[in-house]
Amino acid sequence: MDFNTENKLYDWVRGFTVDFDKNTGFSSLMETGKRYLSQMQGMYLDTAAEAEALRQGDPLVYEFHSCPAPLHAGDIAFGCSIVYPGKVGEEYYMTKGHYHDPADTCEVYYCLSGHGYMMLENEQGDWSCLELTSGHACYVPKYYAHRSICVGKDEPLVTFFTFRADAGHNYGAIETKGYRKLLVERDGKPTIIDNPKWGK
């Protein structure tokens with residue numbers, strides 16, 4: 001079966017296979033969406049460092065797959081996220097972060113390679129920051145915003161994810177308020193700090 005032609009609309013009921021490289025997260029069958037620093041303006045605390053990085057170019061911060069599954073209730077979406085090593089000021093490269101829509105959607109991430117963290121928080125103020133290394137899975141509960149952060153210096157954080165296929169992504173609350181906590185590098189190691197811009 002030709003994945004790219006016969007199944008182009010991803011609305012079939014039959015089973016299928018997709019390849020994912022366990023080190024890079026890339027697939028020969030699926031394209032990735034890309035997020036450059038210019039698409040994340042305002043997400044980082046150090047706006048001067050952000051502006052300087054943009055003056056020197058527009059670095060690729062992370063990539064992710066569109067999921068090849070029917071977007072229906074009862075179906076499961078999946079793909080890989082690849083967050084590259086790098087920093088803006090003291091802050092590590094990260095995904096924008098999102099809630100799901102509907103918000104009562106859970107998600108599972110399985111770390112294929114690299115070193116990073118999953119930042120979680122809900123609207124009531126509960127938060128956690130869970131370490132991700134190869135072979136570890138992370139459960140994201142319903143009603144929690146989540147963001148992947150790469151703390152490795154030489155290799156990307158590569159995770160395989162899966163969630164209910166009919167759920168969308170709500171970026172609005174994060175773009176408006178940010179996260180309560182930030183993960184930065186202090187004394188050469190990841191350190192959690194309060195976000196002085198949160199809610200402003």
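Reply: Start with aspartate 166, which is partly exposed at 28% relative accessibility. Partly exposed lies between buried (under 20% relative accessible area) and exposed (over 50%), using a 1.4 Å probe and protein chains only. This is a predicted model: local features need pLDDT of at least 70, side-chain atom pairs count only at pLDDT 80 or more, and totals for chains, interfaces and linings use all residues. Residues are numbered from 1 along each chain as its sequence is written, and side-chain values use heavy atoms, without hydrogens or water.

Aspartate 166 forms a salt bridge with arginine 164. The term means a side-chain nitrogen of Lys or Arg within 4 Å of a carboxyl oxygen of Asp or Glu. Here the closest N and O atoms are 2.9 Å apart. Side chains of opposite charge can pair when their charged atoms come close.

Arginine 164 also pairs with aspartate 104, at 3.9 Å. That pair links distant parts of the chain, 60 residues apart. Aspartate 104 sits in the loop between β6 (99-101) and β7 (107-113), while arginine 164 is in strand β12 (residues 157-164). Strands are DSSP runs (E, at least two residues), numbered from the N terminus. Aspartate 104 is partly exposed at 37%. Arginine 164 is partly exposed too, at 30%.

Now a second site. Glutamate 90 and arginine 186 meet in a salt bridge, 2.9 Å from N to O. They are 96 residues apart: glutamate 90 lies in the loop between β4 (87-88) and β5 (91-92), arginine 186 in strand β14 (residues 181-186). Glutamate 90 is partly exposed at 36%, and arginine 186 at 34%.

In total, the structure holds 10 salt bridges.

Methods:
Helices (H or I, at least four residues) and strands (E, at least two) are DSSP runs, numbered from the N terminus.
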